[in-house]
Amino acid sequence: MNSLRAGDQYLDERAEGVKEIINELVQSILIEQAGREVFQREETIVLLISNYTGQEGWREFVQVENELHTIPLFQKSLIIRSLIIKFELFELLQQVIQILQLQENRETGLKSLVEHVHKLGINDSGFVEMLHKSQFQLIFSSHPLGLVRTSHLKLLKQTSIILEKLLTQEFSLFEREREISKLHALLVLIWNSEETFSDHFEGNELQRIKYTQFFFKETMISTVTNFYTSLTNLVSAKLASGYGEGRKKTFSLPLFLTLGYLVGSNISTDRLLPSDHPIKIILLQKRLILKDYIQEITQLLSIFSVNSHYMKVTRDLDLSIEQDKTEFQEFTFSTQGLNIDEPYRQKLDFIRLKLENTLNYTGHIAEELGLERTKIGYNPLKIVRLGGKYYKNSKEFLKDLKLINHSLKINKGKSLSNEYILPLMNKVRVFGFHLASLNILINSKFVTSTFDDIATHLYPNKDSQSQIFVESELRSVRPLGIDSLMSRNVLKRDSIDLLALLLSIRSCATYLSSSSVNSIVLTNLKSESSIFKLLLLLKEIGLIEVQDERVSRVDVGIIISIDTPELLYSSGTFISNLFENQTYKEFIKRGGGIQEVMFDYTELSKTIGLLKTSVESYKFQQSLSLIGQKHGVRFRFFHGRGGAISRGGIPSNFAIRSLPLGSSRLLKFLEQGELFESKFLKGELAFQDLEDVFHGIIVKRLDDKLMKGKSGELSEKKLEKLEYLAEVVNGKYNDLLATDGFFEFFAQITPIELLNKFFINEESKELPRDVGELNQTNGKLWMTAWNHNRLMIPIYFGLGTAIEKFTRKYGKGELQNLYNSSRIFATYIDHVNMVLTKVNLKVAQQYLLQAKDTQNSRRFYKEITTEFHLIQKSFQSLRINSLTEPTIQKQINERNSLVEPLELIFTHMFKLWRTDSTVDPHEKSLIELDLQRLLRVIMNGLRNTG
């Protein structure tokens, strides 16, 4: 077989052959399932759309519209299904090609990274010390438009396996036809299966968790474990016997990488997460990870036939086995003829039994809360119902594994330990019994209103808003007396809901896993007083304990969300005020000495644009560095970047390297749900994502080490120039928003009311009428709306004008110098460059035709397109053309050719849904379902993955 090397002509030829197979199969299925007439109509529509997108005139569009109007609604649905399947197949094929490319060129791979560290003179001990001082958490968050059924994802994964075989393997004629036949059968299943949910996108947070758990189950659990194992193997073997003076003679990598989940990120900020959701989510996650552990222990049992005549066991392990026999007498008696003289298998068998009992116990709790048994992690036929001991927490499970590991190591079984036991121990250390820690979003207005509600009833004659009052109650052991208010049912509905949610968080920490809920993300902050009120509520609920007027225990942290320009511009003043308070300093100290701060780029970019957001967040992080030095506090920065190009999505390693000096030691980074299929459907791609992030962190740490004692990459003069650019861009963008009639234009030229309905399930929710109301509008809605009409103005609008003014003031060479020397600016420019390739004025024009106020709409449209063309001209003169590399341009062109027909059909269907009074309610609901499918796929096609 010829070598399949990335970029080789042979690979290109094989890929073209597979594309032909895809086209032929989808064509045959369309004819088979819908008839030849529908196939011919699809061919006509695609050809007309291709002619339209390749021409400048309007005649071709009229032909497209006329043809679409002649097609019955049910046939349009069939054509949409066919085009979506073809798009998904080509995306799967591209993933396979990407994996082949990764195998050839892994500059950010683990091996090359460790070699790079060694070349810089940092030995293995120094590298591990660097990891000991690093804490990084990958946070997952689903997206309403990204949700598909897990059954559909399973079909896609099976399809991907066959496409990979067809691309990489040589077959006989019979074998090739057999694989194509399997692919055909899978496509028929995909055709006749519903990939989306019948209800609105708002749906249910539990449904989003189940969607995300598919990727944990299929790739992320094994990928993270393999990541730790691979890195352990790459670091010198001498570390396994101790490193550095005074170190113990055992070695494992520090727990520098963990996973989390952002809950409530896709519901309206005007709502609270339902109070029973944290418990249900953790139960779902616990059942999934327990099932994985049981499967792995069962596999070990099948191969671990180590006889004690040849390999001894430690006294501790032997005593542990005897204790297990006492606790499981019935099981011991029934299996006494098994595993004779095989103590390691005996111990593994008891571990399996305790895990199954733990799963059984968890299943009973889940059943009582109304969670189904069969979906995730629970099969009563496989549960040993003999009673006895179960694991109360993952530490007990890890303790048993350590006994086996230690016994193997000192009894000539080190290779067995490294191959079988250490990877499992790494898995338990990362995932515990909670899988991924929850970060729960709570709007600060609920905290304030609940506190005021309580104070009105308990302290009607006191100034309960006084900071002195709040602080005195915080230091007091005496409870407020909320229980009496709850029992008398005198509190408002929102107050009851918030208190119930906090009680649910306490139950998760107490009964399920101490690591299950990491933090509360407090959004929409107006002042630091809301944080103190939340602390008081946490104390009342039992998530904080106070003794002798000091905070003595903290079970949940608080993340401060920077989601408004006012907070961003404060330079951390309100955070500095927090640390002037002794009680709050004790709270942070007891919680690990780390204050977490989240940057919500979507919400910020909504009102001030991406460049201004990037520059101000850079300055904000610098200011917090000084605050941390003053108060002895470390800050962990949580970067809430979206994956879509309209929401600040940029390659993770670039984003990390553009952070301020010293800010990368403690990080959280968001993985948005719209990217899950492209990044985590296949294990190789998931591993690459971890490598890229880890590479960015380590290289950034090394950069910071070299810059120690210096001001960082941005000198005062460079920062001043960057601020000037950001101010001009922001001014131009805000002037546009403030122009009379702009928000009416926005409502008419975007599918906002459809997105509004799907996002938050409120068809009649009012749209923003001015800049003030924009602050109260869901940022994801705003950004997604501009994404789907292909104008994407929050990312780039105003940059063309800013570049012109900058070059007149400082000269063209200075702008080029800023691009070459500032990572934060280069990252932004490269991001804009990617956006420009995906702006599509032909699609935007179809929304423009639907506008009622034609003259006003054309005026705004002309202003936007003028700025768009001005940026293109500026980039050409500055020779900023990072996306002209042939491979990238080819991928963009191929994806656009698949997405554009879907977009133009969407605008046609949306017009029917929005304005056609002849469409009856039943037809409108069918159109809505098609629009849902199209929105998901279009968003996937417009994503920016690097």
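Author: Start with the terms: helices are DSSP runs of H or I with at least four residues, and strands are E runs of at least two. By that rule the chain has 41 helices and 10 strands. Keep in mind that this is a predicted model.

Reader: What share of the chain counts as buried, and what makes a residue buried?
Author: Buried means under 20% relative accessible area. Of the 946 residues, 60% count as buried. The chain exposes about 38,400 Å², with 49% of that supplied by carbon and sulfur atoms.

Reader: How many of the contacts join residues at least 24 apart?
Author: Take the contacts between residues at least 6 apart in sequence. Of these, 84% join residues at least 24 apart.

Reader: What makes the eight strands a barrel, and in which order do they come?
Author: They close into a barrel in the order β1-β2-β3-β4-β7-β8-β9-β10, with parallel pairing. Neighbouring strands of this sheet are turned by 25 degrees against each other on average, direction ignored.

Reader: How do you know that β1 and β2 pair?
Author: Pairing takes at least two bridges found by DSSP. Strand β1 (residues 135-141) and strand β2 (residues 257-263) have five bridges, in the parallel sense. Leu138 stands opposite Leu259 in β2.

Reader: Which strands pair with β4, and over how many bridges?
Author: Strand β3 (residues 437-443) pairs with β4 in the parallel sense over six bridges. Asn443 has Thr523 of β4 as its bridge partner. Strand β4 (residues 517-523) is joined to β7 by four bridges, and these two run parallel. There, Ile520 stands opposite Ile558, and Leu522 stands opposite Ile560.

Reader: Where does β7 go from there?
Author: Four bridges join β7 to strand β8 (residues 594-599), again with a parallel run. Ile559 stands opposite Glu596 in β8.

Reader: Why are β4 and β7 called mostly covered?
Author: Count the buried residues. In β4, six of its seven residues are buried. In strand β7 (residues 557-562), five of its six residues are buried.

Reader: Why is Phe431 called buried?
Author: The cut-off is under 20%. Phe431 has a relative accessible area of 0%, so Phe431 is buried. Its place is in helix α15 (residues 414-431).

Reader: Which residues does Phe431 contact, leaving aside its neighbours within four places in sequence?
Author: The contacts are Phe216, Met220, Ile221, Val224, Thr225, Leu259, Ile289 and Tyr293. As for Lys286, 145 residues separate it from Phe431 in sequence, and the C-alpha to C-alpha distance is 9.3 Å.

Reader: How many aromatic pairs does a search of the whole structure find?
Author: The search finds 45 aromatic pairs. One of them is formed by Phe742 and Phe745.

Reader: What makes Phe910 and Trp913 a stacked pair?
Author: Stacked needs planes under 30 degrees apart. The planes of Phe910 and Trp913 are at 20 degrees, with centres 6.0 Å apart, so the pair is stacked. Both lie in helix α40 (residues 886-915), three residues apart, about one turn of the helix. Phe910 counts as buried because its relative accessibility is 0%. Trp913 counts as buried because its value is 6%.

Reader: Which residues do ring pairs link into a cluster?
Author: The cluster holds Phe532, Phe579, Tyr584, Phe587, Phe599, Tyr601, Phe620, Phe635 and Phe637.

Reader: How do you know that a charge sits over a ring?
Author: NZ of Lys or CZ of Arg must be within 6 Å of the ring centre and within 35 degrees of the ring normal. The charged end of Lys445 sits over the ring of Phe446, 5.5 Å from its centre. The charged end of Arg859 sits over the ring of Phe860, 4.5 Å from its centre.

Key. Residues are numbered from 1 along each chain as its sequence is written. This is a predicted model: local features need pLDDT of at least 70, side-chain atom pairs count only at pLDDT 80 or more; totals for chains, interfaces and linings use all residues. Side-chain values use heavy atoms; hydrogens and water are left out. Buried means under 20% relative accessible area, exposed over 50%, partly exposed in between (1.4 Å probe, protein chains only). Contact means heavy atoms within 4.5 Å. Accessible areas come from the Shrake-Rupley method with a 1.4 Å probe; for residues, only the protein chains shown count as cover. Axes are lines fitted to C-alpha atoms, for helices over the stretch in contact, and angles run from 0 to 180 degrees between N-to-C directions. Rings of Phe, Tyr and Trp (its six-membered ring) pair if their centres lie within 6.5 Å; planes under 30 degrees apart count as stacked, over 60 as edge-to-face and the rest as tilted.
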